[in-house]
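Hi there,

Here is the structure I promised to send over.

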Amino acid sequence: MPEDSEDRRPEDELREMLQQFLSGDGPIDPSRLAGAAGMPSDPAQLQALMAQLQAALARSEDGIDWSAAARQAGAVVQRDPGSVTTAERDAVQQAADLAAMWLSETTEIGAATPITMMSRQQWVDATLPVWQEMSEPVASSIADALTRAMQEHAPEEAQAMLAGAEKILRNVGGTMFAMQLGNVVGQLAGETVAGGDFGFPLLESTAALLPVNLRSVAEGLEIPDDQVRIWMAARELAHARLFHHARWLRLHVLSAVREYAEGISIDVERLEELAESFDPTNPDELREALSSGALIPPKTQEQLEALARLETTIALIDGWVDAVTEAATARLPKRDAIAESVRRKRATGGPAEKAFGTLVGLEIRPRRLREAAAFWRTVTDAVGAEVRDSLWDQPDLMPGSDDIDDPSRVIARLQGAGELDEMDLALQELLDDAERESGEGGTAAGDAEDQGSSDDDDPKPV
């Protein structure tokens, strides 16, 4: 028996209206809205988008459906999954075995770390949880801000419909963001060569190479493929070995990312302007706002400080990796050319990496990579690889930005002749005072008085 219209809730009317729109029966062309959101508008992708949004309407849970990101990323990869021959895979594995042996001559940390050959889809499956974690604060902010803007600026006749529809609007907005993220990660799978390419610890203590993308590194460089494979394997293994050794480092980096990302807000006034003026038949303004990052306001002072700390950490990680890789691959005639090519690519980033930075307001560039690598080389020359690597044993031993500029304090400390810390200075001051008093008094009585005053539990009678 059909439900009486008087018993229908306003949000049910909204759900039916959106379902009608998503079925293509509404007055708005869904393909234009898909384009406005930066999503593909070809028939197959559009059908998938509509299906995902219809699923969002039916969800009873409140929050972001990250499975939409996984499905979208998989769809992007399937357009060009790439292929690798058995001979090509074997060649990469042989290069990795040789790189591991050379690397063990350079550093002893994390020597048991294996290397995995991944397809583009396997890389997406392995890394998507980290991309989601980094994006979640922004996704939640956008979904909430979009919900408020739509409720506040809807026509008067639609106010009752939207009043109880917060969950519906958040689910749809969150699903749109998740699909945008999936689209970006799917594109990143076509640019990624190794697990450590982006500076973030995307893989947990695991080294990974994507043979299908590895062949693009040497294009235009006139460098033999085998040298590129060995160098890339050495760098990836060095990156993974570091995180395998310093178990605290992955959480340290991801916590710093989270600290920064949670400070990202959405420019509600700009979003309200879009909501007031949005013309579904001409979605260019919305597309520009989403693709340019215009909805994310300038960084606060706290964010700038958090970002500076994060960039220093990433630079120290990448600098150590570069210095160790340089030493391990000294036998390769084209080592320097490969390293310079990868550094330049890392400094500029590919289109998909830039798209991720725009989407979530977080774009990491190791701006001090060369200086950080020089710091690690200087430390290595002064104290050797084993002592150098002890700086990764604990978080409080890790160098800072000032140390990159001037490694002398770190070197002095590692050599055992560094400046004393606060506790050492306080103890030294007490010892110096006692020595002066002993020299000035020079009496056994003075010594006895000192002895008595320091033993509160068993005071000596006078």
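Helices α10 and α11 are roughly perpendicular to each other, because the angle between them falls in the range from 65 to 115 degrees. The angle is about 100 degrees, and the two axes are 4 Å apart. For orientation, α11 covers residues 247–261, and α10 covers residues 225–245. On the α10 side the contact is made by Leu242, Phe243, His244 and His245, which meet Arg247, Leu249 and Arg250 of α11. Sorted by class, the residues of this contact are 3 nonpolar, 2 polar and 2 charged.

Before going on, please keep in mind that this is a predicted model.

**The chain as a whole**

The protein chain has 462 residues, and 45% of them count as buried. Its secondary structure comes to 22 helices and 2 strands. Among contacts with a separation of 6 or more, 81% are between residues 24 or more positions apart.

From α5, the residues taking part are Ala91, Val92, Ala95, Ala96, Leu98, Ala99, Ala100, Trp102, Leu103 and Ser104. Their partners in α10 are Arg229, Ile230, Ala233, Ala234, Leu237, Ala238 and Arg241. By class, this contact of α5 with α10 has 14 nonpolar, 1 polar and 2 charged residues.

The other pair is α14 and α17. Helix α14 runs over residues 301–328, and helix α17 over residues 369–383. They pack at an angle of about 55 degrees, with 7 Å between their axes, and are therefore oblique to each other. α14 passes α17 in a right-handed crossing. In α14, the residues involved are Ala315, Leu316, Asp318, Gly319, Trp320, Asp322, Ala323 and Glu326. They meet Leu369, Ala372, Ala373, Phe375, Trp376 and Arg377 of α17. The contact of α14 with α17 divides into 9 nonpolar, 1 polar and 4 charged residues.

**The nonpolar core**

Which residues have the most contacts inside the largest nonpolar core? They are Trp123, Trp131, Leu249, Trp320 and Trp392, in a core of 97 residues. Helix α14 gives the largest share of this core, with 12 residues.

Leaving aside its neighbours within four places in sequence, Trp392 is in contact with Leu242, His245, Ala246, Trp248, Leu249, Leu316, Ile317, Trp320, Trp376 and Met398.

**A few single residues**

- Thr312 is in helix α14. With 16% relative accessibility, Thr312 counts as buried, because the cut-off is under 20%. Not counting residues up to four places away in sequence, Thr312 touches Gly400, Ser401 and Ile404.
- Thr380 lies in helix α17 and counts as partly exposed at 23% relative accessibility. Leaving aside its neighbours within four places in sequence, Thr380 is in contact with Ala385 and Arg388. The C-alpha atoms of Thr380 and Val324 are separated by 9.6 Å, with the two residues 56 residues apart along the chain.
- Phe356 is found in helix α16, residues 351–360. Is Phe356 buried or exposed? Its relative accessibility is 3%, so Phe356 counts as buried. Phe356 and Val185 are 171 residues apart along the chain, and their C-alpha atoms are separated by 8.0 Å.
- Ser140 has its place in helix α6, residues 120–153. At 30% relative accessibility, Ser140 counts as partly exposed. From C-alpha to C-alpha, Ser140 and Gly173 are 9.0 Å apart in space and 33 residues apart in sequence.

Technical notes:
Residues numbered from 1 in each chain as written. Predicted model: local features only at pLDDT ≥ 70, side-chain atom pairs only at ≥ 80, totals over all residues. Heavy atoms only, no water. Core = buried A, V, L, I, M, F, W, Y, C linked by side-chain atoms within 4.5 Å. Buried < 20%, exposed > 50% of the residue type's maximum accessible area, 1.4 Å probe, protein only. Contact = heavy atoms within 4.5 Å. Axes fitted to C-alpha atoms, helices over the stretch in contact; angles between N-to-C directions. Nonpolar A, V, L, I, M, F, W, Y, C, P; charged D, E, K, R; others polar. Parallel < 35°, antiparallel > 145°, perpendicular 65-115°, else oblique. Left-handed = near helix turned anticlockwise from the far one by under 90°.
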